[in-house]
Amino acid sequence: MSIENKEFKPLIVAFCCNWCSYAGADLAGTSRLAYPAEIKIIRVPCSCRVNPMFVLRAFQRGADGVIIAGCHPGDCHYTTGNYYARRRMTLLFSMLDFFGIEKERTRVDWVSAAEGVKFSTVMNDFSKKIHELGENRRLGDLRCKMPIEK
Amino acid sequence: MQRIGVFVCWCGTNIAATVDIDTVVEAMKYEPGVVHASDYQYMCSEAGQSKIKQAIKEHNLTGIVVCACSPRMHETTFRKAAKAAGLNQYMVEIANIREHCAWIHKDRKEATEKAVVLARTAVAKLNLNTPLTPGESSVVKRALVIGGGIAGIQSALDIAEAGYEVDIVEKQPTIGGKMAQLDKTFPTLDCAACILTPKMVDAASHENINLYTYSEVDSVGGFVGNFNVKIRKKARSVKADICSGCGICTEKCPSRKAENEFNLGLNKRGAIYIPFAQAIPNVPVIDRDQCIKFKTGKCGLCAKVCPADAIDFSQQDEIVEKQYGAVVLATGFNPIKLDNFDEFGYSQSKDVITSLELERIMNAAGPTGGKLLRPSDNGHPHTMVFVQCVGSRDTTGCGKTYCSKICCMYTAKHAMLIREKYPDVDVHVFYIDVRTPGKNFDEFYRRAAEDYGVNYIKGMVGKVAPTNGKLLVQGSDLIADRQLVIEADMVVLATAIEPDQTAKSLATMLTASIDTNNFFTEAHPKLRPVESPTAGVFLSGVCQGPKDIPETVAQASAAAVKVIGLLSKDKLMCNPCVANSNELLCNGCSNCQHVCPYGAIDYVEKEFRAGGKTSLRRVAQVNEAICQGCGACTVVCPSGAMDLKGFTNQQIMAEVDAICR
């Protein structure tokens, strides 16, 4: 039998760029559009600031999913940052996949400052996916997890 | 070791209703580095801020974490407070427990847990903060206004009046924009030209204003205070400095096939033309696609008749490169294309027109000399039907989801003017809702409906069928609950408006953000409505959202004030969160230089002493005045020499660790 989903409390790290996605998350908040509490946002100036090391670190520390959200292609506040992020993460994700960390545990998506609805949809969808995949056992240090409360 | 103070805000009940404040405060007391934790109802208030200042002094704090709303909201507020208490203003971190927590989670336990995690993440980051000092950059005391409609003209005039130089770039051969095409304006029924053309003249004759008409912005570089803009002056084929504007060339031009854009194709114009009589500048332009000289090499009649010898067929596009301190976007709107709305018969009958076309027909300087004539046979119409919300408030995907805001009022205006001039014409208006929020707007609509006998019908039109020279309008009357068929002579469609297509490319050039409808987004929908999130870029008029003329002018002046405020400064504080390279670690690979979008990284040869030997190495150096702090370079650095102040690798790692704990 697989682990019961009821007990599984995933841990999701979201890197959001300051100009679009973080503002999109703010708009989702202002519009009271819910997404699961397991998603914790880290603010970065641009999606290109996200070093692949950060993603690896998150997985090592027990995160079950990592999502990187930036401005839409062509709309980057720093002109080209999100293109770098996209390429880097494409490489990283396929490498992680090779290591046995499912591709679905990672995602890059584009949310503009005006897309509160999209932010919440993307986050809900990503969280659903992580729930389906279950715990990150391959790289995750399970000692880092909060004890499951009965 | 840091001495950190944590301040948890209730935000009234906004946060306190879903997050248990005491739990957060209690949990924070055990975080590393935290020496003080407290809460208050409104941290951003005067009392809340003085609480913070007091605590900084009392506990000798080296940094503070404020658990409150989004840093995009009050980060500056708390930084100022910290500065006032003698702290470096970059020793402040915000944990966003309102937008990212309290407002989106209903379960109190879950929200409180998340708030604790967010707070401890901020503490973990702050533990690694170092005081930062912002650099300074100069401000070019000149503004660029993109778009020469009423919004652009008003902004430019206000900025120029304050004593700063302004350049207006307009892609059409004349300034004036959409307002120049209008006949009368609601709700006062003044004539649009009478109030606009003096302003156009003011703008053109103002010593501080420089017009670039028939020009486009080619590229934008730089940043607030120092934008570097390339303007393409398209070839007019007429020497503007010599031309006297006599207009003989436009009369003699033998080519008469081009559609007159100013009259929306209701009549024809020559290949060399001045858009309208009051155009500014009053200099013709040759439409090279229509000109016989350009097409076949023969003709050249305009050059022969020109008394000033101003025609220049060999003229080329010219690129002007200039520096600006601020940019105002005033790119305006266009009515949408009606391809998706074939049920109204716009493509099938000439007598189905848009409201803007009706403006031209009603205008004394228009194609019919101001007479209301059916476009198909120049006959006098007896029955007219207006259809509201064509493409506006449309959730089917064919049109726009938003309300175009101006249509209800201009339709009331059209109906009123027609009934006044031609009492024999029956006017019917099909509407979904009549929206009249504005000073004297509802009174105006009531006058149209009650005093002028305009027949308002609540309902939608399903089809307009051209039949035997008439238009059969099939619609529903929701109040009487019946289907109607009206035999009309003319149908006027209140077409939705959309941002000009240049908005998208300008947004990319300026890295200003636009929404899904291509309207420019404002920095804050309520508190910063005329600023773009990109510093130094301001919004004026319909490019930000549908609005009428008074609102446009108000916003244009507001944007001008913001520009004046910016240009009045001699120095701007730069963002201190910029990249810096550790020269001892740098291996000189140039990766960072290749990815930098601003060219902010230079390589220099430097001497290093190690192990008693001196060696010359090539190392990266960041120009802090140019660096915008995106961090692209930090990731490509193989030796870990490049880091971003305020968002260092260590800080973000610490944040990751704090979340996954």
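Analyst: Let us take the contact between the chains, then the strands, then the domains and a helix pair.

Analyst: Please keep in mind throughout that this is a predicted model.

User: Okay, how many residues of chain B are in contact with chain A?

Analyst: On the chain B side there are 43 residues, and they are in contact with 44 residues of chain A.

User: And which helix gives the most to that side of chain B?

Analyst: Helix H18 of chain B gives the most, with seven residues, while helices H4 (98-102), H5 (108-126), H14 (502-510) and H17 (632-636) of chain B are among those that each supply at least two. Sorted by class, the chain B side has 20 nonpolar, 14 polar and nine charged residues.

User: Which residues make the contact?

Analyst: From H2(A) they are Phe54(A), Arg57(A) and Ala58(A), and from H18(B) they are Ile652(B), Met653(B) and Val656(B). By class, five of these contact residues are nonpolar, none is polar and one is charged. As for handedness, H2(A) and H18(B) make a right-handed crossing.

User: Switching to strands, what is the order in the chain A sheet?

Analyst: Four strands lie in the order S2-S1-S3-S4 in an open sheet of chain A, with parallel pairing. The edges are S2 (39-44) and S4 (106-110) of chain A, each of which pairs on one side only. On average, ignoring direction, neighbouring strands of this sheet are turned by 20 degrees against each other.

User: How many bridges join S1 and S3 there?

Analyst: There are five bridges between S1 (residues 12-17) and S3 (residues 65-70) of chain A, and these two strands run parallel. To pick out one pair, Cys16(A) has Ala69(A) in S3(A) as its bridge partner.

User: In chain B, do S11 and S12 run parallel or antiparallel?

Analyst: They run antiparallel, with eight bridges joining S11 (residues 215-223) to S12 (residues 226-233) of chain B. In this pair, the bridge partner of Gly221(B) in S12(B) is Asn228(B).

User: What sits between those two strands?

Analyst: S11(B) and S12(B) form a hairpin with two residues between them, and in the turn Gly225(B) has a positive phi of about 90 degrees.

User: Now the domains, which ones does chain B have?

Analyst: The domain assignment gives domain 1 (4-126), domain 2 (142-234 + 317-332 + 500-567), domain 3 (248-305), domain 4 (335-498) and domain 5 (579-645) of chain B. Taken over C-alpha atoms, the centres of domain 2 and domain 4 of chain B are separated by 31 Å. Their contact takes 13 residues from domain 2 and 20 residues from domain 4 of chain B, and the domain 2 side divides into six nonpolar, three polar and four charged residues.

User: Last one, at what angle do H1(B) and H5(B) pack?

Analyst: Helix H1 (residues 21-28) of chain B and H5(B) pack at about 35 degrees, with their axes 9 Å apart, and their crossing is right-handed. The contact residues include Val24(B) and Ala27(B) of H1(B), and Ala115(B) and Ala119(B) of H5(B). By class, this contact of H1(B) with H5(B) has seven nonpolar, two polar and no charged residues.

Key
Residues are numbered from 1 along each chain as its sequence is written. Chains are lettered from A and ligands numbered from 1 in the order in which they are written. This is a predicted model: local features need pLDDT of at least 70, side-chain atom pairs count only at pLDDT 80 or more; totals for chains, interfaces and linings use all residues. A crossing is left-handed if the near helix is turned anticlockwise from the far one by less than a right angle, and right-handed if clockwise. Two residues are in contact if their C-beta atoms, placed from the backbone, lie within 7 Å. Ala, Val, Leu, Ile, Met, Phe, Trp, Tyr, Cys and Pro count as nonpolar, Asp, Glu, Lys and Arg as charged, and the others, Gly among them, as polar. Two strands pair if DSSP finds at least two bridges between them. Axes are lines fitted to C-alpha atoms, for helices over the stretch in contact, and angles run from 0 to 180 degrees between N-to-C directions. Domain bounds come from an automatic or database domain assignment.
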